[in-house]
Amino acid sequence: MSKPAKNRFHIELKTDLDKSRFFTQIGFIITAVLLGWQSDDSYHGYVMVKHLIEGNGFVYNIGERVCATTSPLYTLSVAIPYFFTREMFFTSMLLDVVYSAIAYYIFAYKMCRSKEQVMTGFLALIGSRAFVSYTTSGLENSLMFLISALFLWQYYTHDKFEKKQLLALAFTFAGIALVRMDLVLMFIPMIVWVFLLKREKTTFLQAVGITFAGLSPFILWELFSLFYYGFPVPNTAYVKIGTGISSLEYFKHGVLYAWYTALDDIVVLIVPLIFIVITLIVRKEKYILTSAGIVLYGLYVLRIGGDFMMGRHFTVMLFVSVLSCTMMMNREKDYFDSVRKIRAFFGAAVMAAVVWSFTFGSTIGSQYMYGHKYSSSISDERENYSNTTGFYNNLVALKRTGRMCVEDTWNYQATEELRQMNFTGGILENAAGILVYYNSDLYLNDTYCLGDPLLSKLPAVYDPNWRVGHLRREVPKGYRESVRENKNLIENESLHEYYDKILLITRGKLIDGERIKTIINMNLGRYDHLIDEYMRSGRD
């Protein structure tokens, strides 16, 4: 006896849902792999992985304890497969694809309840060049997508949070901080709301204890960082702090970053905006707080001047918006069934944004594969590096020549000159990440000072055409000689004394009372007057 038509319809609908999940998952993975690439900046973290596995410590240059990665959790996670393969390019790219694929799996299989939701979300994500670019890239975005999906899954599947749920959420929040410290801004409104107003069978004091227990991985890392490196934040943070650029100029640059991103990839901005508008219409606290986090993080991105990588800082906002909108439509199904116009508006807006993004200014193929070029300090990094760091190009090069073309990204003349002069290292004009990685036996830094513990503490030299994270420092007299000869030869008396402190912290014995005392004083700013004196002296 045949089943009633209604049941056949539901079975068919479920089958369509499963098919849409499966095929979009496969499509997502294939797209990520074929358009996979590596950012040069990722190799600043990779060289730390290389040194760690080779027994030289989790450091940027051998013999000097400096942290040049903004994402300790991501960088350490790369070390696990690298330990077995001892090959960085394909190993790290595979890990990126795995992280991104699991993040998409959580969306499609755990959050979507209809084919429409799967396809709309898939188009929104795959239609964003920035999102696709940073599903790989070697930067922490892929792990950011995964950890964000885990947080949102917990956040949306509970209306009340008991002790176990609170601990799991706090633990995930700690993971977010370890992936990228400033990303917590997007999730602070949600977690504060949960711990203050949505906890159940948990007293306030118990909630405080759970908070510290959940955040313990991040707290332990901070203590380790302070003890091992001498500073609580990565060296890259100091590079971006002491620029002397006004907040207003940073904000203007941030607006420009958003504008160029919109020209290049409207999807990554329009979808979060649509989600924010819908939450204001629905007016439910749970989703408004998610929107508040997106707005808070978006304002932060503008405040720091955006980035030099087109759209990169907006990709998590896009991902969170897609997942949150899907969960909102599921949890508020009765409301959205009664106002089908909102659902139709969301789908139509996503489609319009994707079409616009794919057709703006050039052919679909060249736009999607290679991106835009503008006369700007903000660029499509995948377009810049795909020739030598693209997955496909390296496969072809490996087959034809037996070596990967990623090694040919930069000219090695500067490092060859150091070797010819029998120098063990030096301060170069441009010590790019890939260059440093493939010359990891040398001590290499440059005036951008991502891995330089002294130059990063000095004020930047202002450039009207400045680029985020790329403001040079003036090299003090005697510092280049100090690096080459491995001793303090800085001429200025005050800066000489300051560098002695830096050397003790970064190269002295780990367990030493004087070193610990110097770390404390350094972080309390008790040596800042030495830099001030150096600057007042005219840097002589």
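Predicted model: local features only at pLDDT ≥ 70, side-chain atom pairs only at ≥ 80, totals over all residues.
Let me start with G425, which stands opposite Y443 in strand β2, where a strand is a DSSP run of E of at least two residues and a helix is a run of H or I of at least four, both numbered from the N terminus. Residues are numbered from 1 along each chain as its sequence is written, and side-chain values use heavy atoms, with hydrogens and water left out.

Staying with this pair of strands, β1 covers residues 425-428, and four bridges join β1 to β2, residues 443-446, with the two running parallel; strands are said to pair if DSSP finds at least two bridges between them.

Stepping back to the whole chain, we find 27 helices and two strands, and buried residues make up 55% of the 540 residues. If we take contacts, that is, heavy atoms within 4.5 Å, between residues at least 6 apart in sequence, then 71% of them join residues at least 24 apart. The chain exposes about 23700 Å², and carbon and sulfur atoms supply 63% of that area, which comes from the Shrake-Rupley method with a 1.4 Å probe, counting for residues only the protein chains shown as cover.

Two residues illustrate how parts of the chain that are separated in sequence come together. S142 sits in helix α7, residues 141-157, and counts as buried because its relative accessible area is 0%. Leaving aside residues up to four places away in sequence, S142 touches Y74, D96, Y99, S100, Y134 and T135, and the C-alpha atoms of S142 and V98 are 8.5 Å apart although the two residues are 44 apart in sequence.

L183, in turn, is found in the loop between α8 (163-179) and α9 (188-197), and with a relative accessible area of 0% it is therefore buried. With the same exclusion of residues up to four places away, L183 touches M144, S148, I176, Y297 and V316, while L183 and Y300 are 117 residues apart in sequence and 9.8 Å apart in space, C-alpha to C-alpha.

What about cysteines? The count of disulfides comes to zero, a disulfide being a pair of cysteine sulfur atoms within 2.5 Å. C112 counts as buried because its relative accessibility is 1%, and C449 is buried too, with a relative accessible area of 0%.

I will finish with a return to β2, which, along with α2 (42-53), α3 (72-85), α12 (235-241) and α20 (381-389), supplies at least two residues of the lining of the largest pocket. The largest share of that lining, four residues, comes from α2.

Conventions: Buried < 20%, exposed > 50% of the residue type's maximum accessible area, 1.4 Å probe, protein only.
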